[in-house]
Amino acid sequence: MATVIVPAVLRPLTGGVTRVDATGSTVHEVIDDLVRQYGQLKDRIIDDNGVRPELFIAVAGQEIFDITQAVPAGAEVNILPAIAGG
Amino acid sequence: MAVQEYLAPATVDDAVAVLGEHGSAARVFAGGTDLIIQVRERRRDVGVMVDIKKIPELVECAFTGDGGLRIGAAVPCARLYRDPEVAAKFPCLIDSASLIGGIQIQSRASLGGNLCNSSPAADSIPTLIALGVTCEIAGSSGRRTVPVEQFCTGPGQNVLQPGEFLVALNVPAPGANSGAAFERFIPRNEMDIAVCNAAASVVLSADGSTFQSARIAVGAVAPTPLLVAAAGEALAGQPVSAASIASAADAARAAAVPITDMRGSTAQRKHLASVLVTRVLNQAVERAGRA
Amino acid sequence: MVMADKPKYRVIGTRPLRPDAIDKVTGRAQYGADTRQNGMLRGYVLRSPHAHANIKSIDVSKALAHPGVKAVVTAADFLAPGQDLAQLPDLTANVMAGSKTLYHGHAVAAVAAIDDESARDAAGLIEVEYDVLPPVLDVREAMLPGAPILHEAMRTRTPEGPSADPSNVVAHAVVVFGDPETAMGECDVVVEGDFSTRMVHQGYIEPQAATAMWNPDGQVTIWTAHQGSFPARQSTATILNHPISKIRVVLTEIGGGFGGKIAVYLEPVAAMLSKKTGHPVKLQMDRVDVFEGTGPTPGTSIRAKLGATKDGKLKAYMADMAYENGAYAGTAANYATMVATACYDIEHVRLDGYDVVVNKPRTQDYRAPSSPAAAFAMEQLVDQLAEKLNMDPEKLRLQNSSREGTRGSMGMPFARIGHEEIVQAALDSDHYNSPLEGPNRGRGTASGYWFNVGLRSSVNVTVQPDGTVALAVGSTDLSGTRTSLAMQLAETIGVEFDDVKSLEVDTDSVGYNDVTAGSRVTFGTGMATYEAGKNLIAAMKERLAATWNVPEDEIQFEEGKFSSPDGSKSGTFKEIAQLVVGRGPGLTVSGSVNAGFLQGGGFAHHIVDVEVDPDTGKVQVLRYTAVQDVGTAVHPAYVEGQLQGGAVQGIGWALNEEYFYDDSGRMLNSSFLDYRMPTTLDVPMIDTILVEVPNPLHPFGVRGVGEPPIVPPLAAIANAVAHATGVRQYQLPMSPRRILQTTGKIEE
Amino acid sequence: MSKHHVITRINGEDIEFLTDPGTSLLSALRDQLGLTGAKEGCNNGNCGACNVVLNGELVNSCCVLAVEVNGGELATIEGVANGDDLHPLQQSFINDAALQCGICTPGFIVAAKALLEREPDADEARIRHWLAGNLCRCTGYDKIVQAVLDAAPEMRAAARA
């Protein structure tokens, strides 16, 4: 079980909910469970070629690039918009 | 319409002839630091640029027999403040000449050009007014002289008639126990157009205790720079004191009729008129004491 | 230089001379406007005189009839098949107005002609029929119902879903931690303020310039001064509806950017004009175009409240932050929610961020976008709180400082950061411990943060036969990063700095590089360079194994020397390179990384002394010290330069810079005469204190340093002015006129 | 519109060119004579990036008509170095990291050279006053002023030699 923090840009698709508990032992499984709970998130975080380029995912404060990576129980999963800032 | 022609007459008469021939399409310039930009930004339409820097009389700066100073209309500011004698006898001229634009502008810009551009905020005109300068103008009907306080008639406008141009500025010899000073206020420490500026010239009694006479001018607070007669009268015969100076400053504030624009507000400019007149009077008195 | 547990490096930390500086000091360096191509035409962009208007028609026939004119372009030329002008994507519409002009200076058409004069005259012959609409210029007014609507189709993105009616509010972002309403009620001391800042410009001295050549086979080459050749290629491809494989972007030197040269303005237009004429076309902005037609930073309205316990524990912060996006949707307020409380460990926070469109140029990033205005509010409230608690504001900051593990941007815990160390360094500094005497004088301090980003970078390294190496970089070099990257490569492969030559290459010559922004190049492209260095050593070992007949994995490489297991054979990198490359085939390796999103955070803390002339309201900066956690200063002189440059931009923003508009939405001060940037006479020497708390995410502990230094000055100067005059400043700029007003010297 | 024939000396070399009467010296240098060291930052006399020395005087070349240099003597950034030997100011700007993007650097070097040749002992205040017509947005001016101070002794020595 992990807690997913939904970024502002996606919150309209979860009816304003910020923290969602999702089951799964890997990042991919956790996101799949999140999408099961909020269908509008389908392909908005992970699509067929992996994490969408405009987003980054972090598990327990560490950014991950491999969605098969394990998610420790009770960990926080952050989804972050990738913005540059000049 | 782009500039069609550049002419550089060698004599005053040639210049008058050129202006007569081309009429309103022709425009005289010396340093050109205002005019060249106005033409490029299409704020002025000029067909013929008439460069007067080749006329000896206009680039000459020399003391006159009575100790006055005749400054050719095309003499760049930098030459004034690099002349130790001019700097010693006319520190007020140097106050103005050393802050118009930056160093690069002062290498080219002339007091004559600053006067003929006739901006209400021009940094040379209050000084010229305070010093009682007269303007020598040449035209097809010969030469005439105009006191500088009458030269400007509105923002960017002056008394020059078609075919006329400024030849020289005549600065009277500073009297005994006299002193003059100019100061402007700008938000930065360089490169800005004045929010307000002021100049004062005073003549003190021999012992330096009372004002014999005073000429006070302010800029950027009316359509043209102003000679504030009331301020001068407020000092004539009065003791040199904070109170008398304050009364002159109040007269200057009262005479100011500034607008609000991107550079400053009406209230700010009226306030600054009083602050700056107080400062230049104190500086002028100090210089008179040292003279 | 305050060290903190830093390893000893050989090249990193030294001050080599920049090879690319020689062309810059001799005038040979080629910037955007210096591009020359045979048969080159000159372009001119016609811009809208109206801040808000529908475009009913554009008649270019008279312009085309002008003798010198070769082509004219309008938005119609950028339509995708089946698209109409009202459906142009924002990216394209900002480059050339489709159905509406949304700011004074918005590009409407462009002309290519034999010379500048003809292009400009012909542009004047283009007849545009406008249906003028009322503009909305104030961010709070734009949010009100009934305000003129810029985009009929715009609905506000809110946590609860899109708004029902058209709105100028792009998005309402909400960030909540804990229970701020209740916690604020329980605080012993609460301070609040209604802060506002004005739109300001990055002020780069080089106006934008771009040249394009569209070959008959559809291959397009673009020469431009831009902060990212790859993002420029992508944007241009999108606008032109043309594949990126057919667009090559060649970077010229760039005359400053600070975030303002991330967007594309001229590149697609020059390309389209070149397509129509078969000639190379150069477009060059003048200073008025730069002010009125590019991307200044948003003006803001921030209403904030800060609560604390009586012993100085910051407990609750609530802020309502509205940011001008200009003509099209942006994300400035969203950034603000990521930075507003970053310097302090505050349990209860509520941040409402409003991104709002107004009839002004589409805003772009300006060095830590959103953070200076957010700090202008927070850091003045911290100062006021310290006054109420009778505490030294620095002690209050130290007591509440974020540290490793504190909740940072978007709820992510901070890794190792140095805010405590820099506040302590300020407390110990000579400046802070020198008394400030004399009337009308005040000292102010403030902290600032920027999250800094990693993103994607790629470099190539080629070994020359003489054993030196050439580093090919795809990241725009704004301020000397060619040197900081060469130093990191020299450190990695154990050679002298002078044996590494680094140069910028075009988009067909190196792997993808994200934009130069987010203070990321020395960090992110540095990591790619480190990777390339590792790959190079591996490649050299592979060749050496054959030459020395020794298993590859038994060859050591230490301190720049290869050695065989028994030490019988060895050689420096250069010697071995001359062997295996000098006599062997050429050797090029690449290094590519995805350096992640958040870099770990950059913190700055500034101290400033000011004197305020009571008669004129003028603020003079007497002394300035910029303290910053720089992770590892690769080239200390260039790091100092970032702190000094950022501080002076902040000083200009605080004191005299602003966009001055008339009621019709026309900018009145679009020149360096009346847009008052600091001159040499307006600032003292800027002292710097580099604090090195190594960033665990980078092999050499590098942290982005470019953006944090602009964040503290606005608040630091406001605090100093408050201490000098006893009056708080809630509005920028703190111009002499504003000081006279707020100190009661004049009634407006 | 008749073009003017201009005969002048630039960086010690005799140069001839044709120009329209309204053309600025800056655009003639950049577009006709290939001397692109002078840069256009504002084109209205407010940034100093286009500095040149005309008849011994530091001027903004955007505020001068190209025809005006006829018979005159012009010095631009391209003439500051002596072949491959950098001028002490050029070297001190590099040594002191007094440039970042470099667009304003030619203007600053031409201006600083004009100052130190006229006033070899200029102090920090005088240097800042002289350079106030030159804008820089990257450096905050600290290292530029320091580089000018650092070049002065060598220039004084060279002047005496």
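**Buried helices, chain contacts and domains in a predicted assembly**

In helix 8 of chain C, the buried residues are C:Glu267, C:Pro268, C:Val269, C:Ala270, C:Ala271, C:Met272, C:Leu273, C:Ser274 and C:Lys275. A residue counts as buried if 20 or more other C-beta atoms lie within 10 Å of its own, as exposed if 12 or fewer do, and as partly exposed in between, with C-beta atoms placed from the backbone. Helix 8 spans residues 267-277 of chain C and is mostly covered, with nine of its eleven residues buried. Helices (H or I, at least four residues) and strands (E, at least two) are DSSP runs, numbered from the N terminus. Just after helix 8 of chain C, C:Gly278 adopts a positive phi of about 75°.

The model is predicted: local features need pLDDT of at least 70, side-chain atom pairs count only at pLDDT 80 or more, and totals for chains, interfaces and linings use all residues. Residues are numbered from 1 along each chain as its sequence is written, while chains are lettered from A and ligands numbered from 1 in the order in which they are written.

Helix 2 of chain D (residues 88-95) is also mostly covered, and seven of its eight residues are buried. These are D:Pro88, D:Leu89, D:Gln90, D:Gln91, D:Ser92, D:Phe93 and D:Ile94. Their cover includes helix 1 (21-26) of chain C. Helix 3 (105-118) and helix 5 (142-160) of chain D also contribute to it.

Four pairs of chains are in contact, and chains C and D share the most contacts. Two residues are in contact if their C-beta atoms, placed from the backbone, lie within 7 Å. Between these chains, 42 residues of chain C meet 42 residues of chain D. On the side of chain C that touches chain D, helix 1 and helix 17 of chain C each supply at least two residues. Helix 17 of chain C gives the most, with eight residues. By class, this side of chain C holds 21 nonpolar, 14 polar and seven charged residues. Here Ala, Val, Leu, Ile, Met, Phe, Trp, Tyr, Cys and Pro count as nonpolar, Asp, Glu, Lys and Arg as charged, and the others, Gly among them, as polar.

Chain D also meets chain B: 21 residues of chain D are in contact with 23 residues of chain B. Strand 4 (residues 57-60) of chain D provides the largest share of the chain D side, four residues. That side of chain D comprises nine nonpolar, ten polar and two charged residues. Other chains do not meet. Chain A and chain B do not touch, and their nearest C-alpha atoms are 28 Å apart. No contact joins chain A and chain D either; their closest C-alpha atoms lie 14 Å apart.

Chain C is assigned domain 1 (418-447 + 601-742) and domain 2 (454-594). The bounds come from an automatic or database domain assignment. The C-alpha centres of the two domains of chain C lie 39 Å apart. Across the boundary, 15 residues of domain 1 of chain C are in contact with 15 residues of domain 2 of chain C. Helix 17 (residues 636-655) of chain C gives the most to the domain 1 side, with three residues. That side has six nonpolar, seven polar and two charged residues.

An open sheet of three strands in chain C has the order 23-24-25, with antiparallel pairing. Two strands pair if DSSP finds at least two bridges between them. Strand 23 (556-558) and strand 25 (570-572) of chain C stand at the edges, each with a single partner strand, so one side of each has no neighbour in the sheet. The twist averages 20° from one strand to the next. Three bridges join strand 24 (residues 561-563) of chain C to strand 25 of chain C. C:Ser563 stands opposite C:Ser570 in strand 25 of chain C. Helix 16 (residues 573-580) of chain C packs on the sheet and touches strand 24 and strand 25 of chain C. The direction of helix 16 makes about 100° with that of strand 25 of chain C. Axes are lines fitted to C-alpha atoms, for helices over the stretch in contact, and angles run from 0 to 180 degrees between N-to-C directions.

Elsewhere in chain C, six bridges join strand 28 (residues 619-629) to strand 29, and the two run parallel. C:Ala626 has C:Thr688 of strand 29 of chain C as its bridge partner. Six of the seven residues of strand 29 (residues 686-692) of chain C are buried, so this strand is largely enclosed by the rest of the structure.
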